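Here are some notes for a colleague who is meeting this model for the first time. Please keep the sequence and the 3D view open while going through the numbered points.

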Amino acid sequence: MLGTVGCLTPELLNKYAGFDIAEPVWFKAGAQIFNGGIDYLGNPGFVHAQSILGILAAQVVLMGAVEAYRVAGGPLGEGKD
């Protein structure tokens with residue numbers, strides 16, 4: 001359900017609120033990495049993603065850490081999965 005909000009918010013902000021978003025359409029946003037990189041929050045000094053392999057590695061590490069925490073019991077303790 002939150003994915004719908006995440007897909008529609010950039011389009012609605014661009015169309016009705018006058019925000020200048022480089023690619024507001026959700027299915028084209030990921031392709032920006034092949035055209036010079038993605039500036040998160042519109043600031044190239046914050047995070048300027050240029051490598052699809054770097055993004056993949058970060059996703060694998062972060063999701064692996066979260067899943068390891070969940071399997072180990074997480075905030076609820078052992079056996080609550």
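**Notes on the predicted model**

1. The structure holds one salt bridge, a term that stands here for a side-chain nitrogen of Lys or Arg within 4 Å of a carboxyl oxygen of Asp or Glu. The partners are Arg-70 and Glu-67, whose closest N and O atoms are 2.7 Å apart. Both residues belong to helix α3, where they sit three residues apart, about one turn of the helix. Side chains of opposite charge can pair when their charged atoms come close.

2. How exposed are the two partners, Arg-70 and Glu-67? Arg-70 is partly exposed because its relative accessibility is 37%, and Glu-67 is likewise partly exposed, with a relative accessible area of 35%. On this scale buried means under 20% relative accessible area, exposed means over 50%, and partly exposed lies in between (1.4 Å probe, protein chains only).

3. Residues are numbered from 1 along each chain as its sequence is written, and side-chain values use heavy atoms, with hydrogens and water left out.

4. The average pLDDT of the protein (the predictor's confidence in each residue, from 0 to 100) is 82, and 91% of the residues score at least 70. Confidence is highest in α3, at 90, and lowest in strand β1 (residues 38-39), at a mean of 76. Where pLDDT is low, the predicted coordinates should not be read in detail.

5. The secondary structure comes to three helices and two strands, arranged along the sequence in the pattern α-α-β-β-α. These elements are DSSP runs, numbered from the N terminus (helices H or I, at least four residues; strands E, at least two).

6. As for overall form, the protein has a radius of gyration of 17 Å, whereas a compact globule of 81 residues would have one near 12 Å; the radius is taken over C-alpha atoms, and the globule rule is 2.2 Å times the number of residues to the power 0.38. The C-alpha atoms fill a box of roughly 50 × 30 × 20 Å along the principal axes. Of the 81 residues, 7% count as buried.

7. A nonpolar surface patch of about 560 Å² is made by Phe-34, Ile-52, Leu-53, Leu-56 and Val-60. Patches are made of residues with over 30% relative accessible area and no salt bridge, like charges being joined within 9 Å and nonpolar side chains (Val, Leu, Ile, Met, Phe, Trp, Tyr) within 5 Å; the areas come from the Shrake-Rupley method with a 1.4 Å probe, and for residues only the protein chains shown count as cover. Ile-52 lies in helix α3 (residues 52-71) and is partly exposed, with a relative accessible area of 44%.

8. Which residues does Trp-26 touch, leaving aside its neighbours within four places in sequence? Trp-26, in helix α2, is in contact with Cys-7 and Glu-11, contact meaning heavy atoms within 4.5 Å. Trp-26 counts as exposed because its relative accessibility is 52%. The C-alpha atoms of Trp-26 and Pro-10 are separated by 8.0 Å, although the two residues are 16 apart along the chain.

How values were computed. This is a predicted model: local features need pLDDT of at least 70, side-chain atom pairs count only at pLDDT 80 or more; totals for chains, interfaces and linings use all residues.
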